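This report goes through a structure from single residues up to the contact between chains. Please look at the structure shown here before reading on.

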Amino acid sequence: MIKRIGLSLIAPAIAVAFAVGVASLALVLVDVNPFYAFGLMWDFATTSTSVASIINRAIPLYVSAIAVALGFKMGLFNIGVEGQYLVAALFAAWIGAQFTIWGPLHTLIIILIAAGVGAAWAGIAGYLKITRGVNEVVSTIMLNFIGFSVIGFVLGQIIIGGDSLIQSTPLLPESAMIPGLNWIFTLLGFSEPRGTELQGFLIIAIILGIAYRFLVWKTRFGFELRASGMNPTAARMSGVNPKRMVLYTMLLSGGAAGLVGLSTMLGKLGAFTQDFPRMYGFTGIAVALLGRNNAVGMALGALLFGFMDRSALILDLNDIPKEIVQIIQGVIVLAVVIAYEIVNRWLQNREVKAASDATKSFSEQAEEVAA
Amino acid sequence: MTEGDRAVELINITKTFPGVVANDDVNLSVGLAEIHAVVGENGAGKSTLMKILYGMQQPDSGDIRVRGEMTKLHTPKDAIAHGIGMVHQHFMLADNLTILENIILGSEPKKGVQIDSAFARARIKELGEQYGMPLDPDAKVEMLTIGERQRVEIMKVLYRGATILILDEPTAVLVPQEVDELFASLKELQAEGVTIIFISHKLDEVLAISDGITVMRGGKTVASTTPQDVNAQELAELMVGSELPTPETTASTVTDVVELSINGLSALHSDGRHAIEDVSFKIHRGEIVGIAGVEGNGQSELVDTIMGIREAVSGTVALHGSDISELPTKERRTSGIGIIPEDRHRQGLLLDSPLWENAMLGHQSVAPFANGLLVDRTAARELTEKVIERFDVRTPSADTHAVALSGGNQQKLIAGKEIFLEPGVLIAAHPTRGIDVGAQAAIWDELRDARKAGLAVLLISADLEELIGLSDRLLVIFDGKIVAELDPGEVTPKSLGSHMTGVSMEESA
């Protein structure tokens, strides 16, 4: 078991090392000592404040990656997480601001609305695929643009809230917000982050990760999902209804996508604004690739991206081009895909050998019996 | 053995992979313009030997002589330069390109910076005439039949100047008429001086076409012989080191209880033609009913319709007397239809999944695999281990991924788990296609035992020996219709053949 975990870490380790190498080369080219730059990044990123900020950044990326991975597992490419989470966050914020009830229940209702809206938005693509055969890549991209327009229309024309400069939904009542987790730092004996609050949505993201892992690996549904992704014709022969599977998967993926924006909304902003953070949906695809759709892998990937985004700040302050971080991010994703392929082939060869050894030892036994 | 007339000699070739000796002191000698068969069970080392000859792998020791000349082949390019070409079992053609484009792909004749199509067209025409393989250079590959695609692959190799052809199981993918056509082409190539080395499992074909035969077993060459000196039985014996099992059903175990009843079943192709038309038959407890027919006459569609994957336009399917025509596939399976699908890679396996998940496939919603909405991994593993044990699936463990197993062992797992779970009815579509003789015998034995225990089997096969040997009754399918019911005890392959090709229909009509 430990050996297996070790093996599964080889590929990402190679990829990260390779990306750091490429970035070092780029740094040398602009006359910066790579050790100095990476030292700065590390020192800066290991303060309590930075750690909180890194995790805050990683939460939506992780949730987004789970949404993408759910699709990947059955061979569907939900490229529309971006639109799904923005539309979901808008409606959840808007409806959630209309009433005030007991705190946790209020939060729960907002979460359910967001999941429902995300699922519905992705469900359109699922419906189009099973009734009209529309490729989900095309339809989800289109739905992104439609979603952006819907947001612009609703924010600009229907809800007239916020101040005059930034269009926004009405502010959520305090009862809807999720309290922060900075006390964990003090509990563990670290200094408390300053100016940043570790977002309480972290707990929900962790639950989501566990639920994802459980669903995919422990349930019948998860098995049928994976079977459909690996071999649709075999899944069909085994009794899986492919159309129903497509629809369910899109609904699930969209439901998870709906939660992407909530950590920021319920932990910090308290509203959906015109400048609500974007791009989590697309970066989530990279994180899902990096983590190979694995619940733990994606968590590490999300943290890595969070770390790099955060440490880019310190590079900028020291006149080192912060684009170096983007180089690393891009190279890692490419390198990890390649490294996984290589390591997988290597593992597979080992297994083929083991299987043929098994055959051989059998025939040797047979010969001995015959002799 | 005079040196001058040898096209290829592999002398004392040894090739080890870490932990495995794939080729152990192997010798192969093929004369010029000879058709030479290399036979052996899966894993006997044939593929490795061919890869060495084609420069894809380097031997650890041993010599290669091509036309008497000592040669080192480092890459397939070297092999092609020496006039050696290989046609792989799975075709490597670009569907949306023309025949001409496929043939020149990778070695395009150039005129300046342009492709010299006129030259290529002339050369293809010339080769086609020389070797009796006329091809329309401008036809799209996607429109071609399997047999035609294979001809394109052979032409690709000839175009590159090969005079020594390696064919990896060329007949595995062909229907009987196409096999005849292929053999005619091979004879023509031979007459033009081309040397042909082919790998095969089908012993009667080997005996029919080859001039020389090399038998491999466990990485060694165990015999080098000719069709005149050996018969199929002896050849099979050389391959497996024991007697060839004869697929002969013993005393009848047929009962009166109808397990599966098909009544007036019809289904359509997507273009509206009938795929199957008014098919009716019954299978009883303890009975094996064989469906004979040239492939493509509705066999696959019949299976799909019984399984509920293809929609029936009329007719009913009844299992143990209750109508299941309206049930979805999953419920048909759980109510007692097992299936060995015709294409194990496409329909029967999750190659990148462990064996225990593969054993679960098709039974994921019933005990012991399912526990409520969850998967019971422990029970699934235990059951898989029992299947591995009972059906002699050779694998390191139940956690090994299916892709690592040989075809024979994959098939033993599929057949094994379906039989082990004791369905009332088993649909076995080409249960022993493309697997070695040992695994074939094992699966035949299991089918016979299951029949004795009361299983009703619908056997669909292209292997007449299998059909006749196992079946209690034979139905012949032609153009989607059941055209004859025969007693396997009285039928000869010849009489069956006339029903299968539809000749007898006109006579009796």
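A:Met279 sits in the loop of chain A that runs between α12 (262–269) and α13 (280–290). The model is predicted. In it, A:Met279 has a positive phi of about 75 degrees, although this residue is not a glycine. A:Met279 has 11 other C-beta atoms within 10 Å and is therefore exposed, the limit for that class being 12 or fewer.

A:Arg292 counts as partly exposed because it has 18 C-beta neighbours inside 10 Å.

The table sets out the two residues.

| Residue | Phi | C-beta atoms within 10 Å |
|---|---|---|
| A:Met279 | about 75 degrees | 11 |

Chain A as a whole contains 15 helices and zero strands. Its C-alpha trace spans about 90 × 55 × 40 Å along the principal axes. Of its 371 residues, 46% count as buried. Among the contacts in chain A between residues at least 6 apart in sequence, 77% join residues at least 24 apart.

How are α3 and α11 of chain A placed relative to each other? Helix α3 (residues 48–73) of chain A packs against helix α11 (residues 242–257) of chain A at an angle of about 175 degrees, and their axes are 8 Å apart. An angle over 145 degrees counts as roughly antiparallel, so α3(A) and α11(A) are roughly antiparallel to each other. The residues that α3(A) brings to this contact include A:Val63, A:Ile66 and A:Leu70, and those from α11(A) include A:Leu252 and A:Ala256. By class, the residues of the contact are seven nonpolar, four polar and no charged.

In chain B, strand β18 (residues 337–340) contains B:Gly338. B:Gly338 counts as buried because it has 24 C-beta neighbours inside 10 Å. Leaving aside neighbours within four places in sequence, B:Gly338 is in contact with B:Glu418, B:Leu421, B:Pro423 and B:Leu426.

Elsewhere in chain B, the peptide bond from B:Ala367 to B:Pro368 is cis, with omega near 0 degrees. B:Pro368 belongs to the loop between α12 and β19 (370–371) of chain B.

Last comes the contact between the chains. It takes 28 residues from chain A and 40 residues from chain B. On the chain B side, α10 (329–334), α11 (344–348), α12 (355–360) and β20 (374–375) each supply at least two residues. That side has 20 nonpolar, 14 polar and six charged residues.

Conventions:
Residues numbered from 1 in each chain as written. Chains lettered and ligands numbered in written order. Predicted model: local features only at pLDDT ≥ 70, side-chain atom pairs only at ≥ 80, totals over all residues. Contact = placed C-beta atoms within 7 Å. Helix = DSSP H or I, 4+ residues; strand = E, 2+ residues; numbered from the N terminus. Nonpolar A, V, L, I, M, F, W, Y, C, P; charged D, E, K, R; others polar. Buried ≥ 20, exposed ≤ 12 C-beta atoms within 10 Å, placed from the backbone. Axes fitted to C-alpha atoms, helices over the stretch in contact; angles between N-to-C directions. Parallel < 35°, antiparallel > 145°, perpendicular 65-115°, else oblique.
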